[in-house]
Amino acid sequence: MEKLMVVEDEASIRGFIVLSLKHAGFDVLEAETGEEALRIFKREPSVHIVLLDVMLPGMSGFDVCEQMRKLKSAVGIILLTAKIQETDKVHGLGIGADDYITKPFSPAEMIARVQALLRRLNGNEINADSEYIVSSVFKLSKKNEQFFKNDQLIELTPTEFTLIKTLMENENGLLSRDELLDRVWGKNFVGDAKIVDVNIRRLRQKIEDEPSEPSYIMTHWGRGYFWNGGKA
């Protein structure tokens, strides 16, 4: 289980981030100030990624970023801020941040960025030009638009293929019904939003060992769906 640290002085925002990360399966530490974050960081060498607010009381997020990068070059650092000026982004990346998320952001966006950074840190990032997405017993070919389970081809409609590709590209990241509608059917879709649920149900019938008790396409009731890539 990857260990993450959230550094945010506003308790409500910190709680929202921590809860979302824990739901996605991460071990999460939290700190309210930069000074506290550095103390925890020094005694927890196994931290993989730090989500770091820029506007902290006392020691700024930029200063914390610089110190953490000096202590451990391999740690991933994602800066969180309400600032949108290009100079702030350039400065943050220039002092060692790996990524930059502007508030407000969705849980799905945050998890996707964390997962992407983890893949980079692990040396096996799936980029936009990569032909395959491999997860558990599944393999998806973007080039040929084919989907395999245990090396056996599973026939999918174009919509089903795009839907499962979207879920797999955001592995363990929660996507709401509206987000899936936008990404798969397009922002101008005017039909019944339940089309997402129908296609999810059809996909489960095709890929799950027990469609009524899914292990891969998971539901977070009232919030959306996510791809469980941790299934053995």
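**Close-up views of a predicted model**

View 1. With a relative accessible area of 1%, S141 is buried (buried means under 20%, exposed over 50% and partly exposed in between, for a 1.4 Å probe and protein chains only). This is a predicted model, in which local features need pLDDT of at least 70 and side-chain atom pairs count only at pLDDT 80 or more, while totals for chains, interfaces and linings use all residues. Residues are numbered from 1 along each chain as its sequence is written, and side-chain values use heavy atoms, with hydrogens and water left out. S141 belongs to strand β7, which covers residues 138–141 (strands are DSSP runs of E with at least two residues, helices are runs of H or I with at least four, and both are numbered from the N terminus). The side chain of S141 is joined to that of E131 by a polar contact of 3.5 Å (a pair of N or O atoms within 3.5 Å, where within protein one must be able to donate a hydrogen and the other to accept it, and residues adjacent in sequence count only if both atoms are side-chain atoms). When neighbours within four places in sequence are set aside, the residues in contact with S141 are E131, Y132, Q146 and F161 (contact means heavy atoms within 4.5 Å).

**View 2. K3 in strand β1.** Although K3 is a lysine, K3 counts as buried, because its relative accessibility is 15%. K3 is part of strand β1, made up of residues 3–7, and its side chain makes a polar contact of 3.0 Å with the side chain of E44.

**View 3. The peptide bond between K103 and P104.** K103 and P104 are joined by a cis peptide bond, with omega of about -5°. P104 is placed in the loop that runs between β5 (99–102) and α5.

**View 4. Two loop residues with a positive phi.** Most residues other than glycine have a negative phi. S136, which is not a glycine, has a positive phi of about 55°, and its place is the loop between β6 (132–135) and β7. S136 counts as partly exposed because its relative accessibility is 32%. D151 is not a glycine either, and has a positive phi of about 65°; D151 lies in the loop between β8 (146–149) and β9 (152–154). With a relative accessibility of 65%, D151 counts as exposed.

View 5. The protein has eight helices and 11 strands, and of its 232 residues 46% count as buried. Among contacts between residues at least 6 apart in sequence, 55% join residues at least 24 apart. The mean pLDDT of the protein is 86, and 88% of its residues reach 70 or more (pLDDT is the predictor's confidence in each residue, from 0 to 100). Over residues 124–128, however, the pLDDT is below 50, and this stretch has 11 contacts in the model beyond near neighbours in sequence.
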